[in-house]
Amino acid sequence: MSSRVISPGVSSSGSPIRSLEAPGLRIGERIIKGLLWLAATLSVVVTTGIVVSLLVPSIGFFQQVSIVEFLTGTIWAPGFANPSFGVLPIVVGTLTVVFFAILIAVPVGLSSAIFLSEYATPKFRKTVKPILEVLEGLPTVAIGLFAFSVLTPLIRQLTPFLPWTGPFSIGVAGITVGLLIVPLVASVSDDAMRAVPRALREGAYAMGATKFEVALKVVVPAAASGIIAAFVLGISRAIGETMVVLLVAGAGSPVLSFDPTKGIQTMTAYIGSTATGDISQGTITYDSIFAVGALLFLMTLAMNILAIRMVKKYREVYD
Amino acid sequence: MPKATTGDVVSTEDQAVPTVGVTAALNEDGPAREQTVNTFELHKVNVHYGDMLAVKDVSLDIPHNQITAFIGPSGCGKSTLLRSLNRMNDLIPGARVSGDVLYHGVNMYGPKIDPVQVRTVIGMVFQKPNPFPKSIYDNVAFGPRILKMKGNLDDMVESSLRRAALWDEVKDRLKDNAFGMSGGQQQRLCIARAIAVQPDVILMDEPCSALDPVSTGKVEDLMLELKKEYTIVIVTHNMQQAARVSDLTAFFTVAAMDQTNSRTGVLVEMDETRNIFSNPKDERTANYVTGKFG
Amino acid sequence: MSDDSGYSSRVAMPMRTRTAVGGAREVTEALLSSGDRKKKVRGIIFVSILLLGLTTALLAIAAMITWAFIAGWPRLDLSLFTNVPSVVLPENAGYRTAILGTLYVIGGVILLIVPLGVGAAIYLEEFANPRNPFNRFVDLNIQNLAGVPSIVFGILGLAFIVRGPLSLGFVAAAGSLTLALLVLPTVILASREALRAVPSSIRDGSLALGATVWQAVSKQVLPAAFPGVLTGVILAVARAIGEAAPLLLVGAVTFVTFDPSFFEGGYSTLPTMIYSYAKRPQDELQTLAAAGVVVMLVLLILINSVAIYLRNRFERTW
């Protein structure tokens, strides 16, 4: 019956036993494991690559422009004969986008999440969640163009009292980015709220609480760290958004201004518009792309680490 | 802590009734098949999970072609010990086995030993039936295929299913997904799957805990049939089951370790099953089997 | 057959739920002091606000699709796909080279992310010891990479792929590689999730039969996780198709009038071409940009639907 080769061997008591040693070196297995390890380690190479590619030109840049001047200067005029590299105007531009984005994404995203997690029937959920995911997967170029063609004129008509000038507006860009990150905020918050154990809800219902009270006073506080993580991820995404800002706020003027009706440059818009132009390698303007990129990277990195921690926190509590 | 009373377990010519305390020398001249052989000999085995000591100082022998049962309360380390017999513990990060685990005199944790090879010789059946999400045929054929066993695959599948007493129930639907079977059938399929790689030993970790009484009866009958060809070690919570099927029983309990404040499993005693249930040497065993504890 | 175990794990009481219990107590106190009708009204208002939020999001999608069709309607014909870009004759311009460019770039992305992404996921989920500090670092690193802005990957592409060590130049291959690195974390995270959803009893069952880890993974775990892995890959590809920002930095902005090739010459892609058209003042080009958006939307909605269908169709409850 047995056709397998049985390795000879003799036990202490004299009966033949099968070998427990490896039949070969299992070289194939080792090679595959090595290749898989390489694939996993590639991500570290990528991160290193990002850091190096940002750092090396930035060092060149900061030899010519002091870090203090860069971080505190209020005039951003890289292309001029007498250039100035104060990053604050474009940082303020980015923060304005983030402000308006959060203004839209937090209420819309959170209420969508509460509805889906606490009120929606499974069938409704199964239909609507994929649609929200479609919104998340829409190309930002398409969203930007839509906002420029439809949203900007619409908002202008609705607010004739505001001092609109020119075709671009950083406020509208922020609102658009807000719509763009709604699915992200909604799905991360929804995950967090659904991770809240049913026993907690049932406990509250047993005490006579209404659905509204359970949702707002039991589920939302219990899922707080996950919901905050959703906001933080949304902020990070808004900081890094490029195409919408380029199209709606324009690659426009890098002036230090908090006026949402103006077309003001952001960090990403600066990188996107400058890199596509004809700029020769080795100039200070070219290096400035990398310095701004480094700042952008650090800002989003801080946000992401914070968000990962917060998500981990609720997972530890409820899983 | 009490010393584990582990006898040198040796069976005589009368296979069904092993006697304890007779030395192997008595049978040395017998034919190999009937000769008394210990499949496993454990000497001062400790199992750690990280810093936690899960099983402490276990010494026992498991005889060839018999059914040995491990019983004891939850957390007594019986499943942990079972999993160290085919090196399934290696898969748990931080798990560490010290002491001697001898398989026919060979140290299973020796430097040359390959855990993958160990598992082809020492098979395992799990608590919850875990068929692969594939056809019944493919479930049984999986082992022979990956081990590139020679011979007719259809024949191997059929003979494995026959020996698992499942052939008549499934011969007309070998291509059906195994998930469509009842729980008891699934568990017997898992046994057939283990048999198909022609192991010497089958370890069973509470194989009936997820089954109804009728299915449990079928699996127990199967075990009694299989012990003609295989050494079987079974972990069970069910004392009736241990009494029904096993030749020998090892009783484990939980000892609270003073210094670490953790719970550690220790062997209390090992003996012929009927002695464990009718005439245990240790008071803790008596309390457990009569239901006073555990 | 595993429904009941899933349920029991969900109702298991957690250790720390102080905030929630406090909330529940507040609820009870409120219940004893306030009138019933007031409560009902408040509940209705609350649901209305929630629905308003959800409707806003859904309305935005609907409005966008409607707009794209209306604005792009005059150019939704075959010439859209067959004509090459042109600024001189905007009414005759099309997306031929951009669509070809996207095919090249995305083809390269798929070839790169499937082995690299799934391979990394298999290593981290099935081989790596989670207690090993290096593996934990890799894990954290991938989560962080998933949140790095896409334009930063453009900078990486510019410095390392177009120029620097690889020096491929501004070619489609550089775009491929840049986008592949961008979506790699998405593929890895989705594939890991799919692998993790396969119960460990399947692994144990294989290993107990003497399978090596790779045999258990390749013959049992990966086939069982396949729908989830595939969904992750499809969603990542969808994201790569729509991505424009990093490509701005690695050369995909030129008005290419000849069919591109992979390793040589200028290239463009659908989204970057849309951007190039949209930036120009001519009305014809604005229409053309909107028509391009329609093409991309239809394509992406199709791809996303396939992914969602696969996930729902093959979702297995163990």
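Reader: What percentage of the residues in chain B is buried?
Author: The model is predicted. A residue counts as buried if 20 or more other C-beta atoms lie within 10 Å of its own. Chain B has 294 residues, and the buried ones make up 49%.

Reader: How many helices and strands does chain B have?
Author: Both kinds of element occur in chain B. The count for chain B is 10 helices and 13 strands.

Reader: In chain B, what share of the contacts with a separation of 6 or more comes from residues 24 or more positions apart?
Author: Contacts in chain B are taken here with a separation of 6 or more. Of these, residues 24 or more positions apart account for 70%.

Reader: Which helix gives the most to the side of chain C that touches chain A?
Author: The contact takes 87 residues from chain A and 88 residues from chain C. On the side of chain C, 20 residues come from one helix, spanning residues 36–72, and this top contributor is helix α3.

Reader: How do the residues on that side of chain C divide into nonpolar, polar and charged?
Author: Gly is counted among the polar residues in this division. For the side of chain C that touches chain A, the classes are 66 nonpolar, 16 polar and six charged.

Reader: How far apart do the C-alpha centres of domain 1 and domain 2 of chain C lie?
Author: Domain 1 of chain C covers 29–75, and domain 2 covers 77–314. The distance between their C-alpha centres is 33 Å.

Reader: How many residues does the contact take from each of these domains of chain C?
Author: The side of domain 1 that touches domain 2 has five nonpolar, one polar and one charged residues. The contact takes nine residues from domain 2 of chain C, and from domain 1 of chain C it takes seven.

Key: Residues are numbered from 1 along each chain as its sequence is written. Chains are lettered from A and ligands numbered from 1 in the order in which they are written. This is a predicted model: local features need pLDDT of at least 70, side-chain atom pairs count only at pLDDT 80 or more; totals for chains, interfaces and linings use all residues. Two residues are in contact if their C-beta atoms, placed from the backbone, lie within 7 Å. Helices (H or I, at least four residues) and strands (E, at least two) are DSSP runs, numbered from the N terminus. A residue is buried if 20 or more other C-beta atoms lie within 10 Å of its own, exposed if 12 or fewer, and partly exposed in between; C-beta atoms are placed from the backbone. Domain bounds come from an automatic or database domain assignment.
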